Amino acid sequence: MPIIAPSLLASNFLRLEDECKMINQSEAEWFHLDVMDGRFVPNISFGLPVIEQIRTATSKILDVHLMIEEPEKYIEAFAKAGANILTVHIEACRNLHRNIQHIKALGMKAGVAVNPHTPIHLLVDIIADVDLVNLMSVNPGFGGQKFIPYTLTKITQLSNMIKDRGLNVDIEIDGGVTIDNAKSIIDSGANVLVAGNTVFKSAYPINTIAALKRL
Ligand code: DX5
Ligand code: ZN
């Protein structure tokens, strides 16, 4: 069964505590937290103080997705805020290997995210060092966008790269995941589904999470 990571970007921030309680009661294993700086992506979301508060509301895994320039400047701060998984974009890192080692040295799992235009083969020399690859299936910056179908081909390429090397790396799909396309995503080789609008805009989010787990 896939790991489900509801993206709080689509939640009601005025009722954040209730939204956290809902995820706590659900079968979702991770909280997906999207940090945007208005520079790497054309949108600004939330940052450290909000994540510190969420940390006090759950013991589940905090999966923090940094869509920011110069993420290396904030690795320690996100560790202190309580991130369990910290993901940086390959397009934002000049020294990705150093940044990945830094994340792991602080006791977090390390992820690398790739934009839709970034080819999978660029991961060959870093794949053995990461715990997770976030394959963006929309252009980062906004929730509620349409899934880019070519992502399925990229999932297969990435899954083969991981298998060929005998590695254990999570493949997380982020953007436009719905009840309708989730099965094809899992069948292609992904094992973590991020879901924002599909979960939070549904009538019964807990049931939607359960449905995503059983496709
Ligand atoms: C997009 C974010 C996603 C987003 C997904 O930049 O990285 O995590 O919240 O939202 P949905 O599932 O609504 O496409
Ligand atoms: Zn994300």
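Student: Where does Ser137 lie, and is Ser137 buried or exposed?

Tutor: This is a predicted model. Ser137 is part of the loop between S6 and helix H5 (151-164). Its relative accessible area is 0%, and buried means under 20%, so Ser137 is buried.

Student: Which backbone oxygen does the side chain of Ser137 reach, and at what distance?

Tutor: A polar contact requires a pair of N or O atoms within 3.5 Å. The side chain of Ser137 meets that cut-off with the backbone oxygen of Gly175, at 2.7 Å.

Student: What is the side-chain partner of Asn134, and is Asn134 buried or exposed?

Tutor: Asn134 is in strand S6. With 0% relative accessibility, Asn134 falls under the 20% limit and therefore counts as buried. Its side chain makes a polar contact, at 3.3 Å, with the side chain of Glu172.

Student: Which residues come nearest to ligand 1?

Tutor: There are 20 residues around ligand 1. Those that come nearest are Asp34, Gly141, Asp174, Gly196 and Asn197.

Student: At what distance from an oxygen atom of ligand 1 is an N or O atom in the side chain of Asn197, and what are the values for Asp34 and Gly196?

Tutor: For Asp34, an N or O atom of the side chain is 2.8 Å from an oxygen atom of ligand 1. Gly196 uses a backbone N or O atom, which lies 2.8 Å from a ligand oxygen. For Asn197 the atom is again in the side chain, and its distance to an oxygen atom of ligand 1 is 2.7 Å.

Student: How much of the accessible area of ligand 1 does the protein cover?

Tutor: On its own, ligand 1 has 390 Å² of accessible area. The space that ligand 1 takes is the largest pocket.

Student: Which element gives the most residues to the shell around ligand 1?

Tutor: The elements that contribute two or more residues to this shell are strand S2 (30-36), strand S3 (61-67) and strand S8 (192-195). With three residues, the element that gives the most is S2.

Student: How do the residues of that shell divide by type?

Tutor: Gly counts as polar in this classification. On that basis, the shell around ligand 1 holds eight nonpolar, 10 polar and two charged residues.

Student: Leu193 lies in one of those strands; is Leu193 buried or exposed, and how far is its C-alpha from that of Thr178?

Tutor: Leu193 belongs to strand S8. Its relative accessibility is 0%, so Leu193 counts as buried. Thr178 is 15 residues away along the chain, and the two C-alpha atoms are separated by 9.5 Å.

Student: What is the phi of Glu70, and where is the place of Glu70?

Tutor: Glu70 is in the loop between S3 and helix H3 (75-81). At 34% relative accessibility, between the limits of 20% and 50%, Glu70 is therefore partly exposed. Although Glu70 is not a glycine, its phi is positive, at about 50°.

Student: How far apart in space are Ile126 and Ile100, C-alpha to C-alpha?

Tutor: Ile126 is located in the loop between strand S5 (109-114) and strand S6 (132-136). Ile126 counts as buried because its relative accessibility is 7%. Ile126 and Ile100 are 26 residues apart in sequence, and their C-alpha distance is 8.9 Å.

Definitions and conventions:
Residues numbered from 1 in each chain as written. Chains lettered and ligands numbered in written order. Predicted model: local features only at pLDDT ≥ 70, side-chain atom pairs only at ≥ 80, totals over all residues. Heavy atoms only, no water. Near = heavy atom within 4 Å. Polar contact = N/O pair within 3.5 Å; in protein donor to acceptor, adjacent residues only side chain to side chain. Areas by Shrake-Rupley, 256 points an atom, 1.4 Å probe, with all protein chains shown as cover. 1 Å grid on protein atoms, 1.4 Å probe; cavity = no way out; pocket = protein on both sides within 12 Å on 5 of 7 lines; lining within 4 Å. Sits in = over half its atoms within 2 Å of the grid points. Helix = DSSP H or I, 4+ residues; strand = E, 2+ residues; numbered from the N terminus. Buried < 20%, exposed > 50% of the residue type's maximum accessible area, 1.4 Å probe, protein only.
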